[in-house]
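Here are my notes after a look through the model you sent.

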Amino acid sequence: MIVDLTAGASTQMGSLQTSRNLSCLCVSVRGGVQGLSTVVRQVGFNSWLLQGRIRSRKIQSLCVRSSFNNAGGSSSSEEKGLLLGAERDGSGSVVGFQLIPHSVTGDATIVESHDIVADDRDDLSEDAEQKEKTPTKLTFNIIFVTAEAAPYSKTGGLGDVCGSLPVALASRGHRVMVVSPRYLNGGPSDKKYANTVDLDVRATVHCFGGPQEVAYYHEYRAGVDWVFVDHPSYRRPGTPYGDIYGAFGDNQFRFTLLCHAACEAPLILPLGGFTYGEKCLFLANDWHAALVPLLLAAKYRPYGVYEDARSIVVIHNIAHQGVEPAATYHNLGLPPEWYGALEWIFPTWARAHALDTGETVNVLKGAVAIADRILTVSQGYSWEITTPEGGYGLHELLTSRKSVLNGITNGLDVSDWNPLTDEHTASHYSINDLSGKVKCKTALQKELGLPIRPDCPLIGFIGRLDYQKGVDIILSAIPELMQDDVQFVMLGSGEKQYENWMRHTENLFKDKFRGWVGFNVPVSHRITAGCDILLMPSRFEPCGLNQLYAMRYGTIPVVHSTGGLRDTVKDFNPYAQEGEGEGTGWTFSPLSKEKLLDTLKVAISTYIEHKSSWEGLMKRGMERDYSWENAAIQYEQVFEWAFIDPPYVR
């Protein structure tokens with residue numbers, strides 16, 4: 001392939017001749033198109049490469065054709081410069097490369113030569129335009145490793161992502177396995193595993209001072225292999241992480257076991273008649289799965305296993321990092337020389353006492369340093385975690401790896417959250433017929449014992465009752481907000497002080513405020529459909545799903561401008577588009593009682609005084625595409641990037 005680089009009459013090509021590019025050129029010859037893509041990206045042709053023009057081909061050479069303008073006005077052209085074709089001796093060994101000289105300047109264009117050899121699987125067409133229109137579709141063997149996967153287990157957004165994204169990727173042709181613990185607590189939730197089958201495969205992994213045996217259960221559903229790791233430590237009452245007395249004391253053991261078992265699964269489980277094999281892409285979700293990239297690099301690759309595998313760590317909430325005392329390192333099943341990858345020292349002010357050295361191991365820190373790519377659940381959050389305020393101590397490391405850090409907004413289950421078919425709501429409606437939403441509102445008011453007033457603004461909150469969700473800001477704002485002609489409903493559980501406050505406030509404002517302590521899925525659907533405004537004053541929100549649900553149901557979000565909330569809610573501008581308006585809600589910053597109240601009052605006045613503008617807000621939110629199909633396409637792009645560069649090798 002010949003590439004003529006066009007950058008104006010004074011392009012300095014000599015800057016490409018660096019030692020780093022030379023090493024990349026060596027990779028391009030050994031690794032085919034994947035290595036070449038690294039070179040092309042560095043010289044400014046990554047977008048051209050990703051259009052599919054040279055995917056799935058073996059590149060023999062790439063050179064530069066330069067045209068020069070002489071002093072007399074005449075021009076000349078010669079093919080010399082960056083030749084990405086190896087010079088070999090008689091034995092076939094690489095002996096050198098031709099590199100572009102420092103003196104090359106001139107104009108150039110991109111043209112293709114015949115130095116392309118089609119792979120046996122390629123069906124190359126001579127028509128270049130046709131190649132662009134039908135690029136080769138890459139498929140992957142994808143392994144999700146996660147502590148939660150809905151509908152089997154779920155405490156929050158992690159379960160939603162790992163229950164829905166694998167299905168979307170499988171529908172696009174990928175082979176997908178989800179590996180999660182088989183939680184049994186002796187209650188009705190155990191029935192969720194009723195269709196799983198014991199694969200009669202046992203694996204012995206070495207961690208925590210000795211051999212640990214695990215079993216694997218399997219269910220093939222929605223095109224996905226759902227694999228559940230069985231071990232006595234997963235059979236106990238409570239949530240995946242704790243019970244009424246707090247977090248389980250052996251969580252480090254439980255999730256270390258999960259990571260080891262997940263790394264073995266593609267090698268030993270004959271799913272559909274054959275194993276996934278070694279060329280896999282592991283998606284390690286949060287700290288519970290963060291040991292996976294480290295195991296691939298330290299336990300397997302030194303012995304020639306998983307040499308072609310890649311790993312992506314997905315950060316759903318960086319506030320939780322799996323930090324444990326340094327003395328527990330030997331329990332993880334990693335070689336002693338890898339301690340530095342996980343070493344984490346707390347600053348002096350954060351130590352428990354004067355004799356505390358602050359030495360710990362941090363598995364998420366190790367994954368961030370070793371993984372091939374890093375993903376977060378929104379673009380805004382991918383930036384926030386590189387700041388001292390949002391990085392929880394990992395901001396400097398994440399900043400150093402910014403080139404492989406991306407954010408992709410979560411999708412939502414459009415079949416479960418659909419106002420036209422929702423089985424939990426009193427009436428159905430759509431963007432073309434909004435009349436049912438008023439019926440949902442009056443039904444909700446009746447259910448909660450509020451005065452049935454269709455024209456009274458109804459504000460809702462759904463979420464955990466804790467500091468992160470900004471419940472303290474709501475608490476401080478309620479006395480003043482209740483002076484207005486509004487109704488307010490809250491659904492959630494969490495800190496006892498906020499649960500008690502909700503009960504007390506309900507008694508103070510009997511006709512205006514209702515608090516539902518606990519979490520109830522049908523009620524959350526009815527609040528989302530029946531409210532006019534959804535309030536989300538979160539201090540930080542990696543993605544957030546409730547604002548997406550709200551917009552899909554024509555409920556207008558009022559949110560703190562942070563993380564995924566800032567990404568997904570576009571501020572209302574009534575003067576845009578020749579007075580027709582744009583935007584899907586309101587964001588506010590800084591997070592304070594005064595700013596929250598000011599923004600809510602703007603929303604309330606718009607609801608009361610500008611019905612046509614309000615209807616426009618509703619419809620713009622309802623027509624937005626937040627399906628998992630859309631998110632899956634963006635994930636596929638990151639998958640391709642993960643395989644461009646070689647994996648980490650110590």
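Where is the place of P590? P590 sits in the loop between β26 (586-588) and α19.

1. Overall picture. Keep in mind that this is a predicted model. The protein has 650 residues, and 55% of them count as buried. The secondary structure comes to 21 helices and 26 strands. If you take contacts between residues at least 6 apart in sequence, 69% of them join residues at least 24 apart.

2. Cis peptide bonds. Two places to look at here. S589 and P590 are joined by a cis peptide bond, with omega about 0°; as said, P590 belongs to the loop that runs between β26 and α19. A cis peptide bond also joins A150 and P151, and there omega is about 5°. P151 is likewise in a loop, the one between β7 (141-145) and α5. For context, most peptide bonds are trans.

3. Positive phi values. F208 is not a glycine, yet its phi is near 55°. You'll find F208 in the loop between β9 (197-207) and β10 (210-221). Y306, also not a glycine, has a positive phi of about 60°, and its place is the loop between α7 (291-300) and β15 (310-315).

4. Buried or exposed at those two spots? F208 has a relative accessibility of 25%, so it counts as partly exposed. Y306 comes out at 0% relative accessible area and is therefore buried.

5. S164. This serine lies in helix α5 (residues 157-171). S164 counts as buried because its relative accessibility is 17%, and the cut-off for buried is under 20%. Which residues does S164 touch, leaving aside its neighbours within four places in sequence? The contacts are D413 and W628.

6. The buried face of α13. In helix α13 (residues 471-481), the buried residues are V471, I473, I474, A477, I478 and L481. They span an arc of only 140° around the axis, so they lie on the same side of α13.

7. How α13 packs on α19. The two axes come within 9 Å and cross at roughly 55°. The crossing of α13 past α19 is right-handed. From α13, the residues involved are I473, S476, A477, E480 and L481, and they meet K593, L596, L597, L600, K601 and I604 of α19. Sorted by class, that contact has seven nonpolar, one polar and three charged residues.

Note on methods
Residues numbered from 1 in each chain as written. Predicted model: local features only at pLDDT ≥ 70, side-chain atom pairs only at ≥ 80, totals over all residues. Heavy atoms only, no water. Buried < 20%, exposed > 50% of the residue type's maximum accessible area, 1.4 Å probe, protein only. Helix = DSSP H or I, 4+ residues; strand = E, 2+ residues; numbered from the N terminus. Arc of directions from axis to C-beta. Axes fitted to C-alpha atoms, helices over the stretch in contact; angles between N-to-C directions. Left-handed = near helix turned anticlockwise from the far one by under 90°. Contact = heavy atoms within 4.5 Å. Nonpolar A, V, L, I, M, F, W, Y, C, P; charged D, E, K, R; others polar.
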